[in-house]
Amino acid sequence: MASEKVASARLIPFDLSLRLELCVERFASRYDAFPRSRSTINRRVQAAADEADLSGRVYPHCLRATAASYHAYKGVAPVPLQALMGWSNLAIAQKYIRISGTATADALRRVHHG
């Protein structure tokens, strides 16, 4: 159990875009801290999904997978993606990159555009 907590402890950069920074700052000012309870996160995600008419289609792990896919699509390399997401196995990061099609598109661009 202790190793899980250590593996999950990491810095997550949120200065990737102004929109993201504003969202994190609003969240922090509203809740004063990041909730560490899984049930609290589940309730908050469910409330947001209900408000957006997405009840039953959005859940925390789905959002995590979306974040991994987004970063893979943007070209984040396997090792940094693994570190960001906290995966113990590099193959998981490679799977997201493979699914994103970014590696294939980059290879085709190199061949056709030098």
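# Close-up views of a helical protein

**View 1. Leu84 counts as buried, at 18% relative accessibility.** Here buried means under 20% relative accessible area, exposed means over 50%, and partly exposed is in between (1.4 Å probe, protein chains only). This is a predicted model: local features need pLDDT of at least 70, side-chain atom pairs count only at pLDDT 80 or more, and totals for chains, interfaces and linings use all residues. Residues are numbered from 1 along each chain as its sequence is written, and side-chain values use heavy atoms, with hydrogens and water left out. Leu84 sits in helix H5. Leu84 and His71 are 13 residues apart in sequence. In space, their C-alpha atoms are 9.6 Å apart.

**View 2. The protein has seven helices and zero strands.** Helices (H or I, at least four residues) and strands (E, at least two) are DSSP runs, numbered from the N terminus. Read from the N terminus on, the elements run α-α-α-α-α-α-α. The protein has 114 residues. Of these, 16% are buried.

**View 3. Helix H5 crosses helix H6.** Two packed helices are described by the angle between their axes and the distance between the axes. Axes are lines fitted to C-alpha atoms, for helices over the stretch in contact, and angles run from 0 to 180 degrees between N-to-C directions. H5 covers residues 78-85, and H6 covers residues 90-100. Their axes come within 8 Å. They cross at roughly 110°. H5 and H6 are therefore roughly perpendicular to each other. For such labels, under 35 degrees counts as roughly parallel, over 145 as roughly antiparallel, 65 to 115 as roughly perpendicular, and the rest as oblique. H5 passes H6 in a right-handed crossing. A crossing is right-handed if the near helix is turned clockwise from the far one by less than a right angle, and left-handed if anticlockwise.

**View 4. Helix H4 packs with H6.** H4 spans residues 60-73. The axes of H4 and H6 are 8 Å apart. The angle is about 65°. H4 and H6 are therefore roughly perpendicular to each other. Their crossing is right-handed. Now look at Ala68, which lies in H4. Is Ala68 buried or exposed? Ala68 has a relative accessible area of 0%, so Ala68 is buried. Ala68 and Ile92 are 24 residues apart in sequence. Their C-alpha atoms are 9.9 Å apart in space.

**View 5. Helix H4 also crosses H5.** What is the angle between the axes of H4 and H5? The two axes cross at roughly 155° and come within 11 Å. H4 and H5 are therefore roughly antiparallel to each other. This crossing is right-handed.

**View 6. Asp53 has a positive phi.** The value is near 60°, in a residue other than glycine. Asp53 is in the loop between helix H3 (38-51) and H4. Asp53 has a relative accessible area of 68%, so Asp53 is exposed.

**View 7. Leu16, Leu20 and Val24 form a nonpolar patch on the surface.** Together they have about 220 Å² of accessible area (Shrake-Rupley method, 1.4 Å probe; for residues, only the protein chains shown count as cover). Like charges are joined within 9 Å, and nonpolar side chains (Val, Leu, Ile, Met, Phe, Trp, Tyr) within 5 Å. Leu16 is in the loop between helix H1 (2-8) and helix H2 (18-31). Leu16 counts as exposed, at 52% relative accessibility.

Methods: Patches are made of residues with over 30% relative accessible area and no salt bridge: like charges are joined within 9 Å, nonpolar side chains (Val, Leu, Ile, Met, Phe, Trp, Tyr) within 5 Å. A salt bridge is a side-chain nitrogen of Lys or Arg within 4 Å of a carboxyl oxygen of Asp or Glu.
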